[in-house]
Amino acid sequence: MTTAATNPHRAKKLFIKTWGCQMNVYDSGRMADILAPLGYAMADSPEEADMVILNTCHIREKATEKVFSDLGRLRPLKEAKTGDEPMIVAVAGCVAQAEGEEIAHRAPWVDMVFGPQTYHQLPEMVARAHRQAGRPLVNTDFPVESKFDHLPAEASESNGVQGASAFLSVQEGCDKFCTFCVVPYTRGAEYSRDVAGILAEARRLVGFGAREITLLGQNVNAFHGDGPDGSAWGLGRLIRALAEIDGLDRIRYTTSHPRDVDDELVAAHRDVPQLMPFLHLPVQSGSDRILTAMNRKHDAEAYRRIVDRLRAARPDLALSSDFIVGFPGETDRDFADTLRLVTEIGFAQAYSFKYSARPGTPAAALEDQLPEAVKDERLQALQQLLWAQQAAFNQDMAGKVVPVLLDRPGRRPGQLHGRSPWMQSVHLDAPARLLGTIQPVRITEAKPLSLTGTVMPAAAEEAA
């Protein structure tokens, strides 16, 4: 992803490379907004940039080494650019938070290293970087003030809006401390934005053309923001307020935790038509023994009961989830419990990974780490089951007419791309004038990863 901001007075160039979650995509857009008053404009590549920011993610394996690899490629670009204001190279995000001093030590040509809670201080950091050239500035504190209180009130049109869809961060951080996860250490404690600020940003995004907004948070359904009435609002109440915004036709949220699915949120799935019937609800394992070792604080049966409640409220609800195989000590029986849970519940989509130790997490110190060959075999078995479920879910759409939000041009001329209510990619031939609209589409072909369809003739004629 490349993100940039514009200033008509003095155009400098900004390039941001973003890894990881949608929260990072949102953060990169806000960094561009913050840097806009300093005169930074879009750069298509690092080669033409005056500032390069690597916005990093620490979730995947070898994340730190991938950052150093990119920094190595940036070094000659930085050294080749001289003048009154040489190129600024910065590392942001979760790798910066976790490995700040190590980055400064191993890559002393980096100018700024800052965590995900401090980017609202970018103007000050840029000024300091210019003053202390040659000495990396490391800012990985967790400020007392919230960054959201200091972000620009007016977001640029590019911030978060991709076609007719947009991201909106409402919650950050995590208090769950799953034993495999670095998020509590890199993003900090759970924090929720105030409702008024969220609603104001949502109205701006709709004004920029967003028809769909995805609410973001590390534990988004742990949201407990201050409402206009002085009480703490949960996610369900926030969704109801967002649904009252004229022009906002679709609402989604991610990522959620089973422990934070409350009655108010279940009721929102029942009552709010703008809330899409698709939910990403990570479970990680179907084994109670492994869930305890992971410190998930729920068992498999509790997860099943939550799913039952949600499906009773919204019968057409489709589920996505996360799974980790090969967690330390996982036995054949534990893995069989996971396969049984997947078979019983059924998932429209899922993300599955082999366990890999993250330095500093409790699970990294556990004994009985599993051989890679065992993890590989289990991952292949799980993915085969999950792929079969996804293919069957998509195949069930063949011949049906579904509402599709046409959010961007397709890969070839005359083609548009859209999303079904259940997050499926839909490709179809249609005129560009339909971009940004929701059209009834008959699904003519269902593939494991996407759908193909045609706009219903009456709808196309009416749109003309």
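Colleague: What covers the buried residues of α7?

Modeller: An α-helix has 3.6 residues a turn, so residues three or four places apart point the same way. In this predicted model, where local features need pLDDT of at least 70, side-chain atom pairs count only at pLDDT 80 or more, and totals for chains, interfaces and linings use all residues, the cover of the buried residues of α7 includes α6 (195–207), β11, β13 (232–233), β14 (250–254) and α8 (263–271). Helix α7 (residues 235–242) is mostly covered, since six of its eight residues are buried, and these are Leu 235, Gly 236, Leu 238, Ile 239, Ala 241 and Leu 242. Buried means under 20% relative accessible area, exposed over 50%, and partly exposed in between (1.4 Å probe, protein chains only), while helices (H or I, at least four residues) and strands (E, at least two) are DSSP runs numbered from the N terminus. Residues are numbered from 1 along each chain as its sequence is written, and side-chain values use heavy atoms, with hydrogens and water left out.

Colleague: How many of the residues of strand β4 are buried, and which residues lie on each side?

Modeller: In a regular strand the side chains alternate between the two faces of the sheet. For β4 (residues 88–92), five of its five residues are buried, with Ile 88, Ala 90 and Ala 92 on one side and Val 89 and Val 91 on the other, so that both faces are covered.

Colleague: Which strands does β4 pair with, and is the sense parallel or antiparallel?

Modeller: Two strands pair if DSSP finds at least two bridges between them. Strand β3 (residues 51–56) runs parallel to β4 and is joined to it by five bridges, with Val 52 standing opposite Val 89. Strand β5 (residues 112–114) is also parallel to β4, through three bridges, and there Ala 92 stands opposite Phe 114.

Colleague: Is β8 largely enclosed or open, and why?

Modeller: Strand β8 (residues 165–169) is largely enclosed by the rest of the structure, because five of its five residues are buried. Ser 165, Phe 167 and Ser 169 point one way, whereas Ala 166 and Leu 168 point the other way, and all are buried.

Colleague: Is Pro 409 buried or exposed, and which residues is it in contact with?

Modeller: Pro 409, which has its place in strand β18 (residues 401–409), is exposed, with a relative accessible area of 56%. Leaving aside neighbours within four places in sequence, Pro 409 is in contact (heavy atoms within 4.5 Å) with Gln 415, Leu 416, His 417 and Leu 435.

Colleague: What do the totals say about the protein as a whole?

Modeller: The protein has 13 helices and 22 strands, and 56% of its 464 residues count as buried. A compact globule of 464 residues would have a radius of gyration near 23 Å, and the protein agrees with 23 Å, where the value is taken over C-alpha atoms and the globule rule is 2.2 Å times the number of residues to the power 0.38. Among contacts with a separation of 6 or more, residues 24 or more positions apart account for 73%.
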